[in-house]
Amino acid sequence: MAMKNDPCIQGLKEKLERDGLSVEPLLRAVCRCMAEELLERGSVCLRGLGCFEVAEYPPVPAGGQLLPPARRLRFHTRPVNDDKLSILVSCRAGVSPAQARNFMKVLGGCLEKAVRSSRELRIRGIGAFCEQEGRYIFVPDDSFEELLNAATLHLTAIDIEGR
């Protein structure tokens, strides 16, 4: 998540640093855990926001060529009730499960508020929620999609019209 003087980050600091939690390492742990879960398991959910999922796209014919398969990161808004990410953050950041749950709860509230007000929200290395062409959408980070497609990056389009 962006770590500038973002209102979300400031709100996290105000609510959590008084409890002795340092916000920046926990945010880095959340981003790392999200990326790892997406790469290993294909999905990760955040309370207050929804779920990110890796979608598989088969080879596609286009303009006389067969384009190679691809994987894309998608976001779906839906209620999230699991604490899986907070458990991973607890292990990764070396905080208690209760502290990680509290952090994720406060973070979820901040994220939800940012999305409801259509404020740009960047999740470092994964993508951003932003307004494009009058719509508020999730745009995956190019570098993360390159990671998702590392196994097929060497494939090129095949000419299927026999030219």
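The buried residues of helix H1 (residues 7-16) are covered by elements that include helix H2 (23-41) and helix H4 (97-116); helices (H or I, at least four residues) and strands (E, at least two) are DSSP runs, numbered from the N terminus. The model is predicted, with local features requiring pLDDT of at least 70 and side-chain atom pairs counted only at pLDDT 80 or more, while totals for chains, interfaces and linings use all residues. Residues are numbered from 1 along each chain as its sequence is written, and side-chain values use heavy atoms, with hydrogens and water left out.

In H1, Cys8, Ile9, Gly11, Leu12 and Leu16 are buried (under 20% relative accessible area; exposed is over 50% and partly exposed in between, with a 1.4 Å probe and protein chains only). Viewed down the helix axis, these buried residues fall within an arc of 160 degrees and so line one face of H1; the arc is that of the directions from the helix axis to the C-beta atoms. Pro7 and Glu14, on the other side of H1, are exposed.

The aromatic pairs number 7, where rings of Phe, Tyr and Trp (its six-membered ring) pair if their centres lie within 6.5 Å, and planes under 30 degrees apart count as stacked, over 60 as edge-to-face and the rest as tilted. Phenylalanine 52 and phenylalanine 138 form an edge-to-face pair, at 5.1 Å centre to centre and 70 degrees between the planes. Because phenylalanine 52 lies in strand E2 (residues 50-57) and phenylalanine 138 in strand E8 (residues 135-140), this pair ties together parts that are 86 residues apart in sequence. Phenylalanine 52 is buried at a relative accessible area of 0%, and phenylalanine 138 is buried at 14%. Phenylalanine 138 also forms a tilted pair with phenylalanine 129, at 5.1 Å centre to centre and 50 degrees between the planes. Ring pairs link Phe52, Phe75, Phe129, Tyr136 and Phe138 into a cluster.

The whole structure contains 1 disulfide, defined as a pair of cysteine sulfur atoms within 2.5 Å. Cysteine 45 is joined to cysteine 51, with an S to S distance of 2.0 Å. The torsion about this S-S bond is about 105 degrees, so the disulfide is right-handed. Cysteine 45 is partly exposed, with a relative accessible area of 21%, whereas cysteine 51 is buried at 4%. Cysteine 31 is in no disulfide, and the nearest cysteine sulfur, that of cysteine 33, is 9.4 Å away. Cysteine 31 is buried, with a relative accessible area of 8%.

Methods:
Contact means heavy atoms within 4.5 Å.
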